[in-house]
There are 2 protein chains.
Amino acid sequence: MAPREETHRELQRRMAQFSAFGATAAGGVHRPEATAANAKARRALADWWRETGLEVRVDAIGNMFGLDATAGADAPWLMTGSHIDSQPNGGCFDGTYGVLASTIAANDIRGGRAANATPSVNIAVVAWTNEEGARFQPSVLGSSAYVGAIDLDWALERVDRDGISVAAALDTIGFRGMDKPPPFPAAYVELHVECGPELDRAGRRLAVFNRWWGCRKLEICFEGVPAHTGPTPMAERRDALLAAAHVITGVRALVDEYPAGSFHSSVGRVEVLPNSPNVVPSRATLYLELRSADPEILSTSFERMRAMIEAAAVSAGVRWHMARDELRPPGRLADELQKLAHRVAGDLGEEAMTLDTIAAHDAVPLARVCPSIVVATPSVGGICHSPDEFTKPEDLNLGLDLLSGMLDSIVSGKTAVGSTRKAA
Amino acid sequence: MAPREETHRELQRRMAQFSAFGATAAGGVHRPEATAANAKARRALADWWRETGLEVRVDAIGNMFGLDATAGADAPWLMTGSHIDSQPNGGCFDGTYGVLASTIAANDIRGGRAANATPSVNIAVVAWTNEEGARFQPSVLGSSAYVGAIDLDWALERVDRDGISVAAALDTIGFRGMDKPPPFPAAYVELHVECGPELDRAGRRLAVFNRWWGCRKLEICFEGVPAHTGPTPMAERRDALLAAAHVITGVRALVDEYPAGSFHSSVGRVEVLPNSPNVVPSRATLYLELRSADPEILSTSFERMRAMIEAAAVSAGVRWHMARDELRPPGRLADELQKLAHRVAGDLGEEAMTLDTIAAHDAVPLARVCPSIVVATPSVGGICHSPDEFTKPEDLNLGLDLLSGMLDSIVSGKTAVGSTRKAA
């Protein structure tokens, strides 16, 4: 393997390169899925993979794979990567860091092989489609389709707020592929920035996630009656936005009814029609999340939400329906990969923190088909989904070293991972 | 003057013609200012005016005038009209009815003159730009610019939610004119649908508005911090939408603190950034209205709003500023024109109701420069700003007769109106 200084320089150079795709004045990137800026990042990634001898494949949902199948058709696969789409006016680190570090780590291992040596494990680097769930809902779309958790056609039919489907958006940028994805891997390893404040607050530099929180993602649609905001008597208004506002404040208040830190809630998006200053809103749709590691909390909070929504609708005199209700149960990441991560971190002189991941990651759908793990470096101030998200260069380098060490241990056979399963 | 049956047929025919411009599946029209559909309606109106011998002028803010200056340069002007822009997915009657009826009434009077007779009053039919305030804020934009209540350049610089200015939008449809508008008239008479339930509820067919409610139109901008809706600890979120939701519910609750029917409030539009399901909103802008006929209520409710906004911002940990604060004071429409309207209604066998107008109308800015009036026909169920707005054909006809009678009385000199003032 190359001296660490070389891989570190390559990482910093690539971070700078990819931060330019969709760069914003605020210092972040605006690179939602299948936008022009996202396409630039995709093309640069494919070029880089090709230059380094990886076989580039793009599957039907736009997932990009960089493959080294030197170990042969019957050998198991090790997969590593993350995503390069961003939130609107998001940051440079979320997702992109993992894809770039994975490419560097994989190529470092490939470059370190003895000439004529036949490796025993194939390697796949991956950039998943629409992890963010910003332009298209749901999030982790590409990885969920890959593992079969959602139907491919259904995934392709999801639309953005302008009614453009995933299929059409991928066609536009030329990334609706026809390649067969690699088989399900023997293990999936993802490196990410923490997206939370725990490491930074504790003055620690590496985290190993041991479980993920569950999430209930709701789209709640209130239907009122359009009317003039002037002469329409107040008692006769059927104001969809008023009902929605009661739910926004109510779901925040709900947090205080559960033990501190056990339950998160949010409304990040609202769509109003006709959204004209002098028309009583006839429709308001809320995109609401309930998150917890405890299935019981997810269940009770959802029931309280239903009652709250019903009361808000009655008081505003509007109808409502649930346009989407997706339950993502909590779960645990692979024990053997957690142990490996802690051991490699120790070898690097760092004691890794064990944390929950509250954010969704592509490693969660992957955990359905193989041992899967996410390791993380600090987010300064815990800031994420913002142009201000930042991870110190030395921490980026350390995370790369952790990932490299983990991949190397698996590829070299020092660490045994689960059996290979083939894609259907 | 022509037999009433002829003008009634012409009115029904023109209502059908103009209802086709921007027609929606719901049975209304989508014809916000300076859209392609709005341009079609504008061109049809100009064609009609030209065919009937009216001189068509388009001023710098896109107001359209159809002029008959037969009475000569020194004679006073009588102006009548309304607007042909609509709310998004609005109705076919609001505004359009007044423009069409005004054209028919004016042409009826012109056609009824004896050959070679020199009239003593010039006539101007008008269609004002952006009355609705839907695509561009503020409303009554064109009439306010005409009377000098707002600066022309400022009006042209207003932008829609895509950042397109009034000037650019009018350029696109070819209706940013260079014509000099007619001088300020001696009187302005507007016919409109009620946009409220009073006539329909009382089983009456004509209304004369005697005063207009004041209005305080606010744009309140909350500034939070974008953050991941998952791992960001609840206590550390700076959620702009949460603060906004507290204000939406609060301003509705405020209504109950004033005597019934004396105060209306609304939030018709909200703009959220980045408006992604998994990002804590970093910005939320509310478009809020306070309406009352009582200046004291407007003042005290505004002060309570300020306190409520401040409390909401503090509790959500966000900053706020007032991006717009426009006070439109209440006022009275011209007594002499009210008397004329009641008299003509009586001649038609109807006792007109005296009502407040809570909705803004172009007659309100016009009242700054001349005696000004709005008369109204029923809105079935009080429905307005909706594809369901409807006025019975026989009531449309009756309103036309009222307008015709009023204009005829003024033009024939039976009713004296205020002196002519020239435009600056």
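**Notebook: a predicted two-chain model**

**Chain A, overall.** I began with the secondary structure and found twelve helices and 15 strands in chain A. Next came the radius of gyration: chain A has 23 Å, close to the 22 Å from the globule rule for 424 residues, so chain A is as compact as a globular protein of that length. I also took the extents of the C-alpha trace along its principal axes, and they come to about 85 × 45 × 45 Å. Of the 424 residues in chain A, 58% are buried. I then looked at contacts in chain A with a separation of 6 or more, and 78% of them join residues 24 or more positions apart.

Chain A has a mean pLDDT of 95, with 98% of its residues at 70 or more. The scores for the model are ipTM 0.90 and pTM 0.90. I put a mark beside residues 420-424 of chain A, where pLDDT stays under 50. For that stretch the model has twelve contacts beyond four places in sequence.

Where they touch, domain 1 of chain A gives seven residues and domain 2 of chain A gives nine. On the domain 1 side of that contact I listed four nonpolar, no polar and three charged residues.

**The two chains together.** The same surface serves both copies, since 98% of the contact residues of chain A recur in chain B.

I then went through the contact itself, which takes 53 residues from chain A and 52 residues from chain B. Several elements of chain A each supply at least two residues to the side that touches chain B: strand E8 (227-228), helix H8 (240-254), strand E9 (264-273), strand E10 (279-280) and strand E11 (283-292). By class, this side of chain A holds 28 nonpolar, 21 polar and four charged residues.

Most residues other than glycine have a negative phi, and most peptide bonds are trans. With that in mind, I collected some exceptions.

- A:Gln137 and A:Pro138 are joined by a cis peptide bond, with omega about 5 degrees. A:Pro138 sits in the loop between strand E4 (122-128) and helix H4 (141-147) of chain A.
- In chain B, the peptide bond from B:Leu273 to B:Pro274 is cis, with omega near -10 degrees. I found B:Pro274 in the loop between strand E9 (264-273) and strand E10 (279-280) of chain B.
- A:Ala34 has a positive phi, near 65 degrees, though it is not a glycine. Its place is the loop between helix H1 (4-19) and helix H2 (36-51) of chain A. Is A:Ala34 buried or exposed? A:Ala34 is buried, with 27 other C-beta atoms within 10 Å.
- A:Asn275 is another non-glycine residue with a positive phi, near 60 degrees. A:Asn275 lies in the loop between E9 and E10 of chain A, and with 21 C-beta neighbours inside 10 Å this residue counts as buried.

Definitions and conventions. Residues numbered from 1 in each chain as written. Chains lettered and ligands numbered in written order. Predicted model: local features only at pLDDT ≥ 70, side-chain atom pairs only at ≥ 80, totals over all residues. Contact = placed C-beta atoms within 7 Å. Helix = DSSP H or I, 4+ residues; strand = E, 2+ residues; numbered from the N terminus. Nonpolar A, V, L, I, M, F, W, Y, C, P; charged D, E, K, R; others polar. Rg over C-alpha atoms; globule rule 2.2 N^0.38 Å. Buried ≥ 20, exposed ≤ 12 C-beta atoms within 10 Å, placed from the backbone. pLDDT = per-residue confidence, 0-100.
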